[in-house]
Amino acid sequence: FFFTDTATPEIYPLSLHDALPIFLFIFVPPASAAQSWNWVHQGDGNGADLHGSSFIDVNTGWVSGGDGTILKTADGGVSWANDATGIPTDTTIDGINFLDGSTGFAAGCQGANCIKDGTNGRVYKYANGTWTAMNIPSDTKALTTIHMVDSTNGWAAGDGGEIIRTVNGVDWSRANNGMTADYTVNSIDAVSATAVWAAGQDISGGSSSGEGAIFKYDSATGTWSKLIPASTPGFLTSIDMVNTSIGFAIGGVDKVYKTVDGGSNWSLLATGLSGTMVPPILTSVNFIDENVGFISDRGKVVTTINGGQTWTEEAAGDVSTSLNTINAVTDINSGKVAIYVAGVNTAVLKRVMYVNPFGSLDGVSAGANGKINMGGWAIDPNAGTGAIDVHIYVNGQFKGPLTANGSRPDIGAAFPG
C-alpha cells in the first residue's frame, strides 16, 4: 500500500506573485475501502455475555460481563487472561472503565437475580491486579454503566434512576436529584467532573416500553434535567460526548441523535441503514473525534467518518452475534485505529483501520520558467494496493492532484502491512 512520485516529479507553475518562502501542504483524500472484522475471542457456548469494554491503547484492554467475568488482553486480542481477582462469581459487571494499566473501575450488581430485580448495585476498583469493593450506599440499585473522568472523579448509574458519584475515587454517594424511580439509565458519560450526560428511558407514562430519554446534569444546582428527543424510540442505549458541545446518543431501531450545543438540543440523523442487513437495534456508540465514530449492533458495526452525515455498515460475526459494547482507540504515531466489539458468549471481534492517510514530501526544487518540482510518498492502508491521489496546495491554494503509484521498498519496509 505504499506509493511514490519521486521517480517522475510533477511540475507545477509558480506565478510571479507567489512570494517566497513557499508553504506546501500535501493532502491525501481518504479511501473508503473497508477491512474485515476478525474474531479474537469466542466462547464455547457456555460463556458469559459481555456488556462492558475499556481499552487504553490499541493492544491493551478489558471486557466484562456476567458470572464475574473480566478478561484482559495485552497483545491486541491474540490472547486473553482472566483478570477478575476479587470479583465474586455471582456478580454481573456491566460497566468497566480503565484509566491506565493499573487503575480501573467497574460497576454492576451481585446476586443471581440482581439484573431482573434491579438490586444490589456494586462498584469495584482495580489496583495491583486485584478488585476491591468501594463504599457505596447500602441500598444502591443495580448499576449498568460507569465513567471515570480521572482517578478521583467519576459517575455510575443504573436502574430506578440510580446515579452515584465519587470525588475521591473511593467513597460514593447519591447524586440523582431530578431523577425518579421511573427512569432507567443505560449509559453515562462525562468530559469533566461536572459536565455529565446520561441516556436511558422513562416509563412513567405507564407504557411497558417507555420513551427514550437523555439526561443532563446541572452542576450549579446538582440536578438532572430530562429531554425526550423527537421521534424517540422506547429506549436509548448509549451516549458518547466528544467534548462539551458535540455528542451522540443511540437506541431503538436505527435511531442516532447528535447534539452540537452541549446536549440542550438533539437532532435525529438520517443514517439510511434501517433494514438493509438486519433490524438495527443499536447498542453502543463510541467516537474517537468529532468525525469518526462507530456503533455496534447485532452482527454488524456502523461507521461514520464525517460526523454522522453518512454511514456505512459492515458484518461483524453473524446475525446471531449480539454485540453489546464497542470501544475504539487510536495510536497517534501511526494513525492506526483498533475497534473492538464484544457481546454474547464472550464474543470479541476486532477491526484495524487507518482513518487518516499519511505521507512525506521528500524534496522540492526550483525548476525552469518559474516552476517547481516535488516528490514524496503517501500511504492510505484502507486503499489496498491501488494508486492513490495526492493533492498539492501552494500558499493555501490548490495547485492540482498527482497520482502516487510508484514503488518505494524502503517505505514498505518501514510500514509493513
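Start with the aromatic rings: the structure holds 11 aromatic pairs. Keep in mind throughout that this is a predicted model.

**Stop 1: Trp-62 and Tyr-126**

Select Trp-62 and Tyr-126 and show their side chains. The ring centres are 6.5 Å apart and the planes meet at 65 degrees, so this pair is edge-to-face. Angles over 60 degrees count as edge-to-face. Now colour the two strands. Trp-62 sits in strand E6 (residues 61–65) and Tyr-126 in strand E11 (residues 121–127), so the pair ties together parts that are 64 residues apart in sequence. Trp-62 is buried, at a relative accessible area of 0%. Tyr-126 is buried too, at 6%.

Move on to a second pair, Tyr-183 with Phe-215. This one is tilted, with 5.2 Å from centre to centre and 40 degrees between the planes. Tyr-183 belongs to strand E17 (residues 183–190) and Phe-215 to strand E19 (residues 211–218), so here the linked parts are 32 residues apart in sequence. Both Tyr-183 and Phe-215 are buried.

**Stop 2**

Show E9 to E12 as cartoon. These 4 strands make an open sheet in the order E9-E10-E11-E12, with antiparallel pairing. Which strands stand at the edges? They are strand E9 (91–98) and strand E12 (130–133); each has a single partner strand, so one side of each is left without a neighbour in the sheet. From one strand to the next, the twist averages 30 degrees.

Zoom in on E11 and E12. The two run antiparallel and are joined by 4 bridges. Pick Ala-127: its bridge partner in E12 is Thr-130.

**Stop 3: Asn-82**

Select Asn-82, in strand E8 (residues 81–82). Is Asn-82 buried or exposed? Asn-82 is exposed, with a relative accessible area of 57%. Draw a distance to Trp-62: the C-alpha atoms are separated by 9.6 Å, and the residues are 20 apart along the chain. Leaving aside neighbours within four places in sequence, Asn-82 is in contact with Ile-70 and Leu-71.

**Stop 4: the largest nonpolar core**

Select Trp-155, Ile-163, Ile-188, Phe-215 and Trp-224. Of the 15 residues in the largest nonpolar core, these touch the most other members. Strand E14 (154–158), E17, strand E18 (196–202) and E19 each supply at least two residues of this core. E17 gives the most, with 4 residues.

Centre on Ile-188 and show its surroundings. Beyond four places in sequence, its contacts include Trp-155, Ile-163, Trp-197, Trp-224 and Ile-239. A second, separate core has 13 residues, among them Leu-323, Val-337, Leu-349 and Met-353.

**Stop 5**

Return to E14. 5 of its 5 residues are buried, so E14 is largely enclosed by the rest of the structure.

Look at the partner E13 (residues 143–148). E13 and E14 run antiparallel, joined by 5 bridges. In E14, Gly-154 is the bridge partner of Met-148. The hairpin from E13 to E14 passes through 5 residues.

Next, take strand E15 (residues 163–166). E14 and E15 are also antiparallel, with 4 bridges. Ala-157 has Ile-163 as its bridge partner in E15. This hairpin has 4 residues between the strands, and Gly-160 takes a positive phi near 60 degrees.

**Stop 6: the E32–E33 hairpin**

Jump to strand E32 (residues 358–366) and strand E33 (residues 371–379). They run antiparallel and are joined by 8 bridges. Ala-366 has Ile-372 as its bridge partner in E33. The hairpin leaves 4 residues between the strands, and Asn-369 in the turn has a positive phi of about 60 degrees.

**Last stop: the whole chain**

Zoom out. The secondary structure comes to 2 helices and 35 strands. Of the 417 residues, 50% count as buried. Among contacts between residues at least 6 apart in sequence, 49% join residues at least 24 apart.

Conventions: Residues numbered from 1 in each chain as written. Predicted model: local features only at pLDDT ≥ 70, side-chain atom pairs only at ≥ 80, totals over all residues. Heavy atoms only, no water. Buried < 20%, exposed > 50% of the residue type's maximum accessible area, 1.4 Å probe, protein only. Contact = heavy atoms within 4.5 Å. Phe/Tyr/Trp six-rings, centres within 6.5 Å; stacked < 30°, edge-to-face > 60°. Pairing = 2+ DSSP bridges. Axes fitted to C-alpha atoms, helices over the stretch in contact; angles between N-to-C directions. Core = buried A, V, L, I, M, F, W, Y, C linked by side-chain atoms within 4.5 Å.
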